[in-house]
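Hi,

Here is the structure I promised to send over.

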Number of protein chains: 2
Amino acid sequence: MRDVAVIGVGETEFGELWDRSFRDLGIEAGLKAIQDAKITTSDIDAVYVGNMSAGKFIDQEHVSALVADYAGLADLHLPTVRVEGGGACGGIALLQGRMAIASGMYDLVVVGGAEKMTDVGDVHAAEILSSTADQEWESVFGATFAGLYAMMARRHMHDYGTTRAQMAAVAVKNHKNGALNPVAQFRREVTLETVLQSPIVADPLGLFDCAPLSDGAAAVVLCAAEKARKFTDTPILVRGSGQASDFLALHDRRDLTTMDATVEAGRRAMKEAKCDPKDVQVAEVHDNFTITEILAIEDLRFFDKGKGGLATQEGLTSLNSKISVNTSGGLKARGQPVGATGVAQAVEIVKQLRGEAGKRQVVGATRGLTHTLGGTGATAVVHIFERGD
Amino acid sequence: MRDVAVIGVGETEFGELWDRSFRDLGIEAGLKAIQDAKITTSDIDAVYVGNMSAGKFIDQEHVSALVADYAGLADLHLPTVRVEGGGACGGIALLQGRMAIASGMYDLVVVGGAEKMTDVGDVHAAEILSSTADQEWESVFGATFAGLYAMMARRHMHDYGTTRAQMAAVAVKNHKNGALNPVAQFRREVTLETVLQSPIVADPLGLFDCAPLSDGAAAVVLCAAEKARKFTDTPILVRGSGQASDFLALHDRRDLTTMDATVEAGRRAMKEAKCDPKDVQVAEVHDNFTITEILAIEDLRFFDKGKGGLATQEGLTSLNSKISVNTSGGLKARGQPVGATGVAQAVEIVKQLRGEAGKRQVVGATRGLTHTLGGTGATAVVHIFERGD
């Protein structure tokens with residue numbers, strides 16, 4: 001396969017952005033990435049957009065054509081593709097963009113991710129999120145997204161002795177990182193007590209165990225590696241990618257405390273990248289709930305099964321520790337505009353590997369990983385990035 | 001690029017299928033394609049699903065994981081991707097599957113397309129279709145999908161003298177073809193008078209100028225060409241693909257009577273396939289309205305601009321004439337489950353090139369084309385297929 005590199009990144013502020021529409025956000029992130037890559041629009045061969053549910057959030061399908069149009073690209077008649085796989089759509093879009101270049105069909109592709117979640121009409125955003133679980137066998141019976149993840153948390157507590165304080169440590173860490181990220185939705189630290197005393201959303205998950213609803217967008221410019229030096233001195237290579245699926249409904253799974261899709265996606269990505277978990281210094285993992293980050297760092301084999309909570313509590317995932325996890329603040333503090341997530345994770349890893357992460361820089365980072373989930377883990381996608389020099 | 005072949009096809013009946021759910025339809029088409037390809041599930045590397053709006057039609061996003069799960073593939077943890085680009089999603093999914101194999105990442109991919117449109121809740125299906133136009137600048141002001149296409153029809157009549165009878169000839173032809181297709185939604189012929197006297201939906205388009213709302217699904221199995229002979233004696237090669245976009249809103253376009261996205265997509269596909277329009281014997285083109293087929297056969301350069309209506313009236317697009325267009329019955333008579341369209345078109349072309357199209361067989365067909373549109377033409381995708389022997 002032809003090697004593919006990231007040569008440009010861009011993202012909007014994340015948050016409740018009442019003054020900006022979906023199209024504003026998509027364009028801002030895309031144009032920032034284009035500027036960062038120092039390309040002109042005529043260099044672009046195709047546009048991919050990760051988006052979960054613009055149809056339901058803003059009544060607009062066909063958002064890939066929309067973003068290209070409003071970014072001023074309509075006259076180029078570029079191929080534009082929207083990719084969806086629940087919350088994993090940004091990570092999947094990145095993989096489609098990578099394969100499209102690897103195939104030789106295109107040389108340079110812009111991959112964006114965007115979601116506008118706070119301006120929703122007559123349906124609650126939580127209902128829309130539930131539509132990525134099994135509507136017929138879960139959501140219809142009242143299972144909310146938080147409720148499903150709460151069951152995973154409770155089982156993890158039962159099987160491995162994980163505590164609410166260990167889960168809360170994820171939130172404390174990610175808020176601490178988010179405070180160092182100028183685009184994060186929550187740029188302030190929280191104490192363990194604040195997290196533990198927050199109102200219960202779905203027992204044992206409290207308000208501060210849950211990522212927020214957010215507006216935001218992110219974009220990366222992908223380029224055939226052999227042409228990347230034309231545009232940048234610091235191409236970041238996509239060294240390995242793995243995607244996997246699982247039973248859509250939680251009750252069909254083998255085990256509530258292991259996401260097999262994450263295990264498989266991680267294994268495939270590391271096999272392709274010819275590396276082990278110990279070779280990764282920085283990782284952006286899916287933390288829509290605090291328990292989700294604990295599952296992820298176990299299932300990606302950064303820590304043994306059942307030890308993720310303890311490892312977090314002991315600071316092994318904090319900035320510049322054993323492995324720096326969610327240096328951006330993660331979904332928890334950077335924010336969770338769903339379609340943007342997988343792409344925003346890639347933006348953060350690229351900044352880390354370029355050495356441009358400012359106050360949250362992981363010293364000596366040479367290899368980074370992104371992990372994005374769809375639904376309650378029915379889709380997982382993992383990418384591994386390395387500096388190209 | 002590595003060559004890719006279709007080695008299996010499958011489709012459901014199309015129509016108002018009250019006794020079958022989205023998942024039933026997706027599974028039926030997928031399993032038929034798998035059986036036709038004589039593969040086992042362990043041969044499959046990935047699943048792509050073209051779907052326009054399951055989120056709005058059936059409250060279910062993340063349908064690619066759903067279909068893989070309910071088809072019994074969950075234990076294989078396959079990568080699954082939903083692709084959307086308005087009504088072009090099936091054609092785009094096919095292109096993503098092709099590139100994924102061409103890249104070397106996968107060897108064998110199932111590409112499905114599905115939509116369940118007749119069982120919709122508290123919103124009208126026509127509103128959902130409108131969400132692929134520009135919601136903020138068209139739909140919100142009351143422009144329906146039929147209304148937008150009606151403006152194209154009226155302008156075509158004004159500029160080129162196209163008549164309602166010429167548009168009606170599209171419907172008559174496609175119903176005639178549909179009557180020969182065992183899975184078509186409308187398996188009966190209609191007279192010119194019936195079409196012309198049908199109630200007006202959006203002047204000048206009458207009821208019989210409009211494709212129906214439908215349930216249905218289709219699937220193809222794609223395989224690296226060098227491995228295709230292991231499974232079949234009649235691999236059908238995807239020789240060329242082109243995709244293009246345009247301004248999302250109709251009022252921003254250069255010309256209402258030419259779809260630039262179709263022109264570009266067709267040009268790109270023919271360039272890659274190294275062929276001209278005259279080399280194509282059979283084509284499935286997007287005919288959500290009768291005017292759309294006329295625009296398509298002009299923009300694909302089968303006929304000169306402005307001559308598409310006359311050509312249809314003169315029988316030049318009928319079965320076994322100059323070029324056989326929409327032998328399946330097209331969206332008009334086979335039916336229009338939106339996400340299925342691009343894949344169902346490929347199923348028809350593969351059957352034609354294999355010589356398995358029964359009473360609607362195009363004699364001596366060696367090269368076929370599919371053309372699928374999203375929105376009012378903001379996305380177009382064209383594929384060109386050839387027999388592999």
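In this predicted model, 49 residues of chain B are in contact with 49 residues of chain A. On the chain B side, the elements that put in two or more residues are α2 (54-58), α3 (63-73), β3 (80-84), α4 (89-102), β8 (236-245) and α10 (260-273). If you sort the chain B residues that touch chain A by class, you get 20 nonpolar, 20 polar and nine charged.

How do the two chains relate? Chain B superposes on chain A by a rotation of 180° with 0.0 Å of shift along the axis, at an RMSD of 0.0 Å, so what we have is the relation of a two-fold axis. Ser103(B) has the C-alpha nearest that axis in chain B, at 1.8 Å. The copies meet through the same surface, because 100% of the interface residues of chain B are also interface residues in chain A.

One pair to look up is Glu84(A), whose bridge partner in β3(B) is Arg82(B).

Cys89(A), Gly90(A), Gly91(A), Ala93(A) and Leu94(A) make the contact from α4(A), and Thr341(A), Gly342(A), Val343(A) and Ala346(A) from α14(A). That contact has five nonpolar, four polar and no charged residues.

Cheers

Definitions and conventions:
Residues are numbered from 1 along each chain as its sequence is written. Chains are lettered from A and ligands numbered from 1 in the order in which they are written. This is a predicted model: local features need pLDDT of at least 70, side-chain atom pairs count only at pLDDT 80 or more; totals for chains, interfaces and linings use all residues. Two residues are in contact if their C-beta atoms, placed from the backbone, lie within 7 Å. Helices (H or I, at least four residues) and strands (E, at least two) are DSSP runs, numbered from the N terminus. Ala, Val, Leu, Ile, Met, Phe, Trp, Tyr, Cys and Pro count as nonpolar, Asp, Glu, Lys and Arg as charged, and the others, Gly among them, as polar. Two strands pair if DSSP finds at least two bridges between them. Copies are superposed by least squares on the C-alpha atoms of residues with pLDDT of at least 70 in both.
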